Amino acid sequence: MNTVLTATGPNQPRCYNSQLKPFYHGERQRYTSPSTAQCKELVVQSVNPSQTNSWGECQIRSRVPVHVQLSGWLTTKMLYPTRDAFMWPLVWGAYLMALLLMPSKTANHDHYYKPYLMRFIGQLAARSPRECSPLRLRKGEDDKPVQQVIHSLYPRSLVVYDATTGTWTIVDDEAVVKRKTYVAVTYCCDDMTPSGSGTEVLIQRVRDATLHQGYDAYWLDLECLLEDPSQNAQDLYRMSDVYRRASFTLIVLSNETAWAVWGGRVWTLAETFLSRELRYKAGNNAVIPISLFQIASLAYSHYDEESNIITSFGVGKDQLARLDQNLCLKEAIWRRVSSSPQFSKAGGCFQARYRAEKVYALMGFFKHRILPDAEETELQALARLFMANDHNRLPERMISMFPRDPRAMNQWYTKEDEYGAKLGDIDPDVQVIGITHNGALVLDGCRAAAIRWKDFPYVAFATKRSVSRALAALGPYLAVAVYVVGVAILGVGQFEKINWGVEDESLITGGTVVLAISLLMLLLSPLFTTYGHSAPNILARPWLVGVRGVISPQQASEYLGDFRRTLYTPSSSPFKLATSKERESRFREGHDSQYEAALAASPFDPIEGHMFTLVDNVSGTIYYFRAHRPPTVCIFTGTQGGLGRYVLCSGECSNSELRRETVLRMPTCISAFMHTCDWVALGGET
């Protein structure tokens, strides 16, 4: 089932299939069937079923033949008796009935997990210039003159002093502006022009300082920004070059105590870091040169962090090339107060307009920029900026991270990882090709697998051939046959005695012995069944099976009919706990302390969500995690530290997008058992 963004209502379709045929259904959580590609209501097996969730729930079920399931329980109680061992005779009787009346079916084998068949077919702002994209046209990214210019733009206009007339005039002649040396001005509206007043004082101080420093032109946003709304985006686009091309940048303050107010603006980092030289004027004092390090100590509240940025960036003013430096700079800008200009001079002070102003302040440090859009969010603007500068593949790395803040789980932007990894440690395996209306990243080249929630399937195993296990598997049926033979022999002996008056002791004795042997074999039949199904598995059909709640590895093995040992994850789940016993072990395996921790945890947390269990039968591993909704698809997005990064997602039926629910570290090798899927949209804003 492939869906597109659509309005919903009483008579509106909830989703569309790949042929754009509308479908109508309720609002409960849905999933895409890996067999039919149709949208179906999600039913989740649960330890304690509830009807209050947005999906259906049922008891844990298994498609493994009943006699195989019961044989495991009977064998366990025979070898390790517990308080409920008194139930053994009843369960044994049920086992025999299932053995005779419910013949086992042959499981189908496949080399791959169940595929994920949904694809994103909505509109997107695409990375490729060849992609037909209304969003791309709306944002003006097909503007060829703008695309061809990187860091050689100049101001649209300057305020120039005419010495013959003694007046200042706004000049927008391109031939004059391109060759004119000028001073760029930075100030804080709340400091210099509070409540819209003080504009004349600011302009006069700038003009006096400009002439005093030997220049006859300056750039001040109050006077030089155009008021035409259609030109606003390009003014913001070239803002960083205004400061980069200026002879020096003049910081104007009302007094020496106003540094903190000025330093809290979003644009101060771009204005100072990109400038050739810095000078400041406080009140009516003289103009004084100042360095980046001095500014950091005077104006920046996070001096230690931002002085590190200056250390790596300030000397030589080289472009930030390293991934970590870009992110540190991003975080520094995000700590500041947004006061984006509306490019209107009314009232003498600009009003907020651009929602993604902080991104536009950041883009001056990148080689390629994006045209601002007043309607887009910060995440959308960040995605476009990162796609335009994809040498570090930031979005691809971020989508594989496990956010430390659970509230940011669905947003693709993530800097801090719950597993302690850095972005540079992630080796992405997917490519971001665009961004949707909701800010979700559209990914290509994903390998994905559907997660089964309705029950535990009957898994097909390819096992090592063994005569003893083959005979053991036939043992229960042979025991039934021997029992029938014993009964027949005794019946013949009784028939001769009743009808002919002849008592053949050999028949009675032989029949009794055969019957006793058959009864002994029947009592041991659970052992035969268990042993017959415990052959070393060379290959098993891959399955990812989910349960709401917490189950043990032993229970998982029983539900799967796999008598191998299911292991705890050694390093791949938020509930992974390091123990002294584990460190002292010769083997790399998880400890049962994580089961105890998951079992002791609250079934539901308002911030982190419900407790879930995921079982992977390829690696024979069990994982515990929290999520707000049952994830229905597992996507392989990259590798880190010798393990793969797998994003578990739930589906949004109405717009064909996926929500990131959690991230697990699982063996990279299992990605080879996943089908490559079509485009998927992941990580949008909710």
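**Rings, charges and cysteines**

In this predicted model, the charged end of R238 is found over the ring of Y154, at 5.7 Å from the ring's centre. A second case of this kind involves R279, whose charged end sits over the ring of F248, 4.0 Å from its centre.

Rings also pair up with other rings. The structure has 18 aromatic pairs, and one of them is made by W88 and W92. A pair of aromatic rings is described by two things, the distance of the centres and the angle of the planes. For W88 and W92, the centres are 6.2 Å apart and the planes sit at 15 degrees; planes under 30 degrees apart count as stacked, so that is the label for this pair. Both tryptophans belong to helix 2, which covers residues 88–101. They are 4 residues apart there, or about one turn of the helix.

Elsewhere, aromatic residues come together as a group: F366, F386, W412 and Y413 make up one aromatic cluster.

Then there are the cysteines. C58 is buried, with 13% relative accessible area, and C224 is buried too, at 2%. As for disulfides, the structure holds 0.

Technical notes
Residues are numbered from 1 along each chain as its sequence is written. This is a predicted model: local features need pLDDT of at least 70, side-chain atom pairs count only at pLDDT 80 or more; totals for chains, interfaces and linings use all residues. Side-chain values use heavy atoms; hydrogens and water are left out. A disulfide is a pair of cysteine sulfur atoms within 2.5 Å. Buried means under 20% relative accessible area, exposed over 50%, partly exposed in between (1.4 Å probe, protein chains only). Rings of Phe, Tyr and Trp (its six-membered ring) pair if their centres lie within 6.5 Å; planes under 30 degrees apart count as stacked, over 60 as edge-to-face and the rest as tilted. Helices (H or I, at least four residues) and strands (E, at least two) are DSSP runs, numbered from the N terminus. A charge sits over a ring if NZ of Lys or CZ of Arg is within 6 Å of the ring centre and within 35 degrees of the ring normal.
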